Amino acid sequence: MVSAVWAVVPVKRLAEAKRRLSAALGETREEFAYLLACRTLDVLRSAGLFAGIIVVTPDPRVAAAARARGAVVVDDADSSLNQACVLGLDAAAKQGASLAVLLPSDLATLTAEALSRLVQNYSRLRNQQNRAIVLVRCKEGTGTNLVVLEPRTSFQPSFGPDSFSKHVREAGPDAHELCEPTVSFDIDTPEDLEVLRARFEEDHEAGAMASLLRGARTSPATTAWASAQALKAASFTDLAHRAGALRDSGYGTLVSYSPKVFLPLTQLCRDSCHYCTFAQAPRRLKSPYLSIEEAVSIATEGARLGCKEALFTLGERPELRYRAARDWLTAHGFESTLHYLSQAAAAVRDRTGLLPHINAGCMTAEEMAMLRPACASMGLMLESSAARLCEKGGPHYGSPDKEPALRLATIAEAGRQRIPFTTGILIGIGETRGERIEALLAIRELHERYGHIQEIIVQNFVPKRGTIMADAPAADAEELLWSIAAARVLFGPAMSIQAPPNLSPAPLPSLVQAGINDWGGVSPLTPDFVNPEAPWPELEHLREQTEAAGKTLVQRLTVYPKYAKSPEVWIDAGMRRAVLEQSDGDALGREDAWRTGRSTDLPASFATRYGRIESTRVDILLREIADFGAEHLNADAVAELFRARGSDLREVCEAADRLRARVNGDTATYVVNRNINYTNICGYHCSFCAFSKGTRKREGAERGYLLDIAEIVERTLEAGSRGATEVCLQGGIHPSFTGDTYLEIVRALKAADPRMHVHAFSPLEVWHGAETLAMPLRDYLSLLKSEGLGSLPGTAAEILVDEVRAILCPDKLRTEEWLEVIETAHEVGLPTTSTMMFGHVDRYGDWALHLLRLRDLQRRTQGLTEFVPLPFVAHEAPLYRRGRARPGPTLREAILVHAVARLVLHPHVENIQASWVKMGRAGMREALRAGANDLGGTLMNESITRAAGATHGQEMTQSDMLSLAASLGRPAVQRTTLYRSLSELHAREESGRVATASSGCTC
Ligand code: SF4
């Protein structure tokens, strides 16, 4: 640790501070700037890290606050910010500082932990080279929010536009960028204020700053008006930079699309918009409506091609205009088009698994309530809030449903009914820029009230032959780009902004640069019926164009992640199963159909070669790991690694593979062992478990059984005769089992075969054993050890997060109890493995916490022999069958868990094991290329995963192990449970010592 660290904080005169927030904060602007500065000083003081704080300010009130907090104050007499920084660094040097942390006073989410990590990382880096300068960017990516440097270093601060790249140039090879989101978040704009206010509300933050922000909320009209005025006057060039930065702040390097089929349920419409070719007269249609069988057939083909969304688009209430529509509906027994739609959407959902998204025009509250159970989301383009466009001569003349107030009422009703909703504007139909802004503000106002707008579409008008507006000019590229940027600026970083790629008059990368993060629905099967002249781009082309903009193309669902992650609020109970089935762990679309325990081949999508995207969040984290290791990573950073997609996925796997080669070499290891699951009768009620049979369990194909001790001994002797060095024993918690049962089992096994390593009893069984004997855990574990127990499987861990355990295994051990058993086992000399079962109801943040909890434990005990990722086998799991869990992880996620575990658990856990029962041989090969070094056990009688629906067999022979490793050009070697060589084991046996513990058991 560096001694004498000083913080240097330049603070402007309050009268000059945060002028860009004037409209949003009014007279409270100065007070807000003052409170921000005080908060920053308080965090610096509480960090316990700094020998002193220097505040450079001409402002008397800030100076008084700084002195009250023990800071040294330097008056810079209103000099420039860069001059103030130089003065501050000089003052720090004079105070004897060996290191200075230079930061502004508006880092509203700064934490002491982040500061501490930065200084520690600096120290590690400085130990490796003569000079180092650590930099943290602002959230927009172009500015600098913090610099760590030696104060006497020659370094010219260049704060202002693009300061980050200037600072990197100035620092040269000494520059090191670190990622600390709490440091990157500064307050510059009204949108930043919104983010901060939302965060305060979420955290129930009290205090002066929170209440000031709450008060500022009373004048949204003023803010909106100010934004609108500023936007109208701005050019695209003015907006582009800011819009792109906001998008990056919300979506990083991901740009999404929804793979969909387009289902035009009816092309009849009672409206007559002057630009529309979708609406047709009955005489031009084969039938007024698509039949349900036709809709299901199209959707089935779409599902086969990987689509996830069924987009139902239809005209507005055609039965009010056309007899043909009325007759068809009557003949088929439907009261209205919307009643028919509700049945058609439910059929597509139930028979194809696609998620319906409904674009059915204006609706009443009753109609929306009727449709909600059959769709994951709905949409209605506001198009424009200018009522004058409905007047004679306007494009909406003759279209009663295009009345803006009516459309806004439908959008508001969707909010009241908690329906994730898509809307947007159509540009170039005669509206002004000011009217576009008004439309966007009207949508924003509803979103602020209900929080239900998931995306804003900015669609450009394209004239079509045969329409009244055939000769009207199309919206040009400049207007489209300006409108996208304006929407992004008005809605901030979190809102999804979409522009359809098939209509764009501008090159696709420029739309990304303008601020979009989504291409909307793209179909590999059906044309765009609304714009039939403009085919969807090929997905490969879209991926290339996205990469040309420096982004990665990803699939999403029709319902956006924020809403899919809170299904009890936003998704009707009837839709939740279908949404889970299509979701990955971040609630984005599953990129493959790979299934744990069942898939034998790798999905074709896994072989996609993505272009390298640099400076992503994952890229920065990997550079940090390369420089400092992963010891300092917190749960947010680890969760970010699980989000690696595209080229980031490859980078994470390669980093893990390099580390594996350094730690373990190229040899893959395995253990010859046998699984003995002595009973499948269990009194617990784990919702994921297909193995157990009990009074309240669903009876499966396998009946309840209980092996007696003689049978367990016989199986052990048989395993020994086949070369096994280990038996792995676990089972259900049979009502007749007590602590004595487990003691008797070990005693009998060791008496029959003293050389056999007994790897047995999950932490739950140990807990149960100790409890039934009313014995302290430590004593019971010591007793098991003295009877010959060699080690414990670290199973029953599932996910070490109590909120997740409450769903998976509500009556099983809590996180702390599981950790207590394992830690106590290590303390009495019983090593254990560790596991994580993932891909069900969990999220990446849960996986991160799980790994960090194991890492913390291992730092204390060093008793974990290995970590075994156990991807969830869903097929027969009750939780999945009830529609309450995802169908296991995707292959990307399964591989990533091996890779991230390798990086994050290093150097504490040396062995990462891949489970052939779950991963299959092809998946094993990928895991071995992503950080895994161990193939697990031969198992002989694997039955728990098989009961859950896995089909990879019950045994993997030694020659299978050898050929698996050989297919990667790597040798495979048999090991003992404790990762010793067999020759070492034999030497120990000969010297009369009994080996103790670790395993290949992955039950
Ligand atoms: S996971 Fe174990 S404790 Fe839970 S029900 Fe299955 S056998 Fe019983």
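Two strands count as paired if DSSP finds at least two bridges between them. The model shown in these views is predicted.

**View 1. Strands E17 and E24 pair in the parallel sense.** Strand E17 covers residues 668–671. Its pairing with E24 runs over 2 bridges. Val 671 has Gly 937 of E24 as its bridge partner.

**View 2. Three strands, ordered E24-E17-E25, form an open sheet.** The pairing in this sheet is parallel. Strand E24 (934–937) stands at one of the edges, as does strand E25 (972–974). Each edge strand has a single partner strand, so one side of each lacks a neighbour in the sheet. On average, neighbouring strands here are turned by 20 degrees against each other, direction ignored.

**View 3. The protein chain holds 39 helices and 25 strands.** The principal axes give the extent of its C-alpha trace, about 100 × 90 × 50 Å. The radius of gyration is 32 Å. A compact globule of 1003 residues would have a value near 30 Å, so the chain agrees with that expectation.

**View 4. Buried residues make up 62% of the protein chain.** Buried here means under 20% relative accessible area. The percentage refers to 1003 residues. The accessible surface of the chain comes to about 36800 Å². Carbon and sulfur atoms account for 51% of that surface.

**View 5. Contacts in the protein chain join residues at least 24 apart in 76% of cases, counted among pairs at least 6 apart in sequence.** A contact requires heavy atoms within 4.5 Å.

Note on methods: Residues numbered from 1 in each chain as written. Predicted model: local features only at pLDDT ≥ 70, side-chain atom pairs only at ≥ 80, totals over all residues. Heavy atoms only, no water. Helix = DSSP H or I, 4+ residues; strand = E, 2+ residues; numbered from the N terminus. Axes fitted to C-alpha atoms, helices over the stretch in contact; angles between N-to-C directions. Rg over C-alpha atoms; globule rule 2.2 N^0.38 Å. Buried < 20%, exposed > 50% of the residue type's maximum accessible area, 1.4 Å probe, protein only. Areas by Shrake-Rupley, 256 points an atom, 1.4 Å probe, with all protein chains shown as cover.
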